[in-house]
Amino acid sequence: MVNKYLLLAFSALWLIFFLYAWSLSRRQAFLRKELEELKNKVGRGRPSDSRPS
Amino acid sequence: MGKILSPTVHLFVTLAWMIVAYWMIFLYAPQELTMGEVQRIFYIHAPSGWVAGTAYCIVFLGSVVYLWKRSPLADDLAHAAGEVGFIFCSGLLVTGPLWAKPVWGIWWTWDARLTLSFVLWLLFVSYLMLRSYVSSPGRAATLAAVVGIIGFVDVPIDYMAIRWWRTQHPQPVIAGGEGSGLDPRMFLTFIVCVGAFHCLFSYLLIQRLRLARARRELSAIRRALAIPPSED
């Protein structure tokens with residue numbers, strides 16, 4: 001039978017790593033989405049903006 | 001590094017290295033005679049500490065370069081290392097008591113090594129809190145860099161604590177001088193684990209750096225469009 005402290009230590013460490021990796025991927029996805037939206041906004045605005053007034 | 005090693009390849013190498021490390025921890029390394037199975041925590045506890053030390057060295061170097069050159073890349077690197085280092089330092093502080101309890105009969109004691117490791121964790125926390133709570137990004141980066149530099153003094157003292165003072169924490173088994181050392185199979189397993197943890201650290205660090213780069217790009221676009229920053 002596996003020692004309970006050994007099991008707890010390995011599980012806790014990987015839980016910490018997975019939670020961090022999950023939070024990182026969530027933040028990356030959120031930023032990527034926002035970046036795309038803003039790039040689209042800039043792209044849409046460009047032709048009219050570049051016209052001389 | 002992203003150009004040399006794609007994120008997918010880097011992740012694959014990390015996973016493969018981890019699998020080898022786990023195989024060595026549970027099937028290759030011999031069982032320690034006095035502590036038994038629980039001693040295998042050593043193979044994840046000590047590498048977590050080494051990575052936390054490496055991370056703080058990067059925080060220190062990034063902070064020095066930032067204050068010297070005002071380089072945003074150095075600041076991003078220090079910030080990323082601070083965040084990922086905090087994760088590994090937390091792992092160190094979680095696995096330590098889980099090893100101490102069955103071996104020493106106590107979860108924690110305020111000896112030099114444990115106290116200095118806890119101080120290192122507090123330094124990571126202070127560094128990250130400073131970055132979050134100071135509203136001006138330039139001021140936050142400067143203040144955090146100062147903490148990153150001053151706090152670095154803890155790293156070598158923490159490393160030397162078990163060599164300089166008599167502690168409850170075991171004396172060094174790596175580079176500990178006469179009378180110290182490990183069984184060759186245990187030593188090899190430990191080295192493979194240190195490598196695997198550093199590989200995981202570098203993967204997370206690069207991902208965190210990408211996030212910082214995307215944030216800077218976003219801020220630049222927002223400034224160009226005169227859009228106020230969102231709450232993220």
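## Trp107(B)

With 10 C-beta neighbours inside 10 Å, Trp107(B) counts as exposed, since the cut-off for an exposed residue is 12 or fewer. The model is a predicted one. Trp107(B) sits in the loop that links α3 (72–104) to α4 (112–133) in chain B.

Leaving aside residues up to four places away in sequence, Trp107(B) has contacts with Pro97(B), Ala100(B) and Lys101(B). For Pro97(B), the C-alpha to C-alpha distance from Trp107(B) is 4.6 Å, at a separation of 10 residues in sequence.

## α4(B) against α6(B)

Helix α6 of chain B covers residues 154–164, and its axis lies 8 Å from that of α4(B), at an angle of about 160°. Angles over 145 degrees count as roughly antiparallel, and the two helices α4(B) and α6(B) are therefore roughly antiparallel to each other. The crossing of α4(B) past α6(B) is left-handed.

On the α4(B) side, the contact is made by Ala112(B), Arg113(B), Leu116(B), Ser117(B), Val119(B), Leu120(B) and Leu123(B). Their partners in α6(B) are Asp154(B), Ile157(B), Asp158(B), Ala161(B) and Ile162(B). By class, the residues of this contact between α4(B) and α6(B) are 8 nonpolar, 1 polar and 3 charged.

## α4(B) against α5(B)

Helix α5 of chain B, residues 137–150, also packs on α4(B): the axes come within 8 Å and cross at roughly 170°. That angle makes α4(B) roughly antiparallel to α5(B).

Ser126(B), Tyr127(B), Leu130(B) and Arg131(B) are the α4(B) residues that meet α5(B). From α5(B), the residues involved are Ala140(B), Leu143(B), Ala144(B), Val147(B) and Gly148(B). The contact of α4(B) with α5(B) consists of 6 nonpolar, 2 polar and 1 charged residues.

## Phe152(B)

The loop between α5 and α6 of chain B holds Phe152(B). Phe152(B) has 17 other C-beta atoms within 10 Å and is partly exposed; a buried residue would need 20 or more.

Not counting residues up to four places away in sequence, Phe152(B) touches Tyr56(B) and Phe60(B). Leu211(B) is 59 residues from Phe152(B) in sequence and 25 Å from Phe152(B) in space, C-alpha to C-alpha.

## Contact between the chains

Chain A contributes 23 residues to the contact and chain B contributes 27 residues. On the side of chain A that touches chain B, the residues comprise 17 nonpolar, 2 polar and 4 charged.

Technical notes: Residues are numbered from 1 along each chain as its sequence is written. Chains are lettered from A and ligands numbered from 1 in the order in which they are written. This is a predicted model: local features need pLDDT of at least 70, side-chain atom pairs count only at pLDDT 80 or more; totals for chains, interfaces and linings use all residues. Helices (H or I, at least four residues) and strands (E, at least two) are DSSP runs, numbered from the N terminus. Two residues are in contact if their C-beta atoms, placed from the backbone, lie within 7 Å. Ala, Val, Leu, Ile, Met, Phe, Trp, Tyr, Cys and Pro count as nonpolar, Asp, Glu, Lys and Arg as charged, and the others, Gly among them, as polar. Axes are lines fitted to C-alpha atoms, for helices over the stretch in contact, and angles run from 0 to 180 degrees between N-to-C directions. Angles under 35 degrees count as roughly parallel, over 145 as roughly antiparallel, 65 to 115 as roughly perpendicular and the rest as oblique. A crossing is left-handed if the near helix is turned anticlockwise from the far one by less than a right angle, and right-handed if clockwise.
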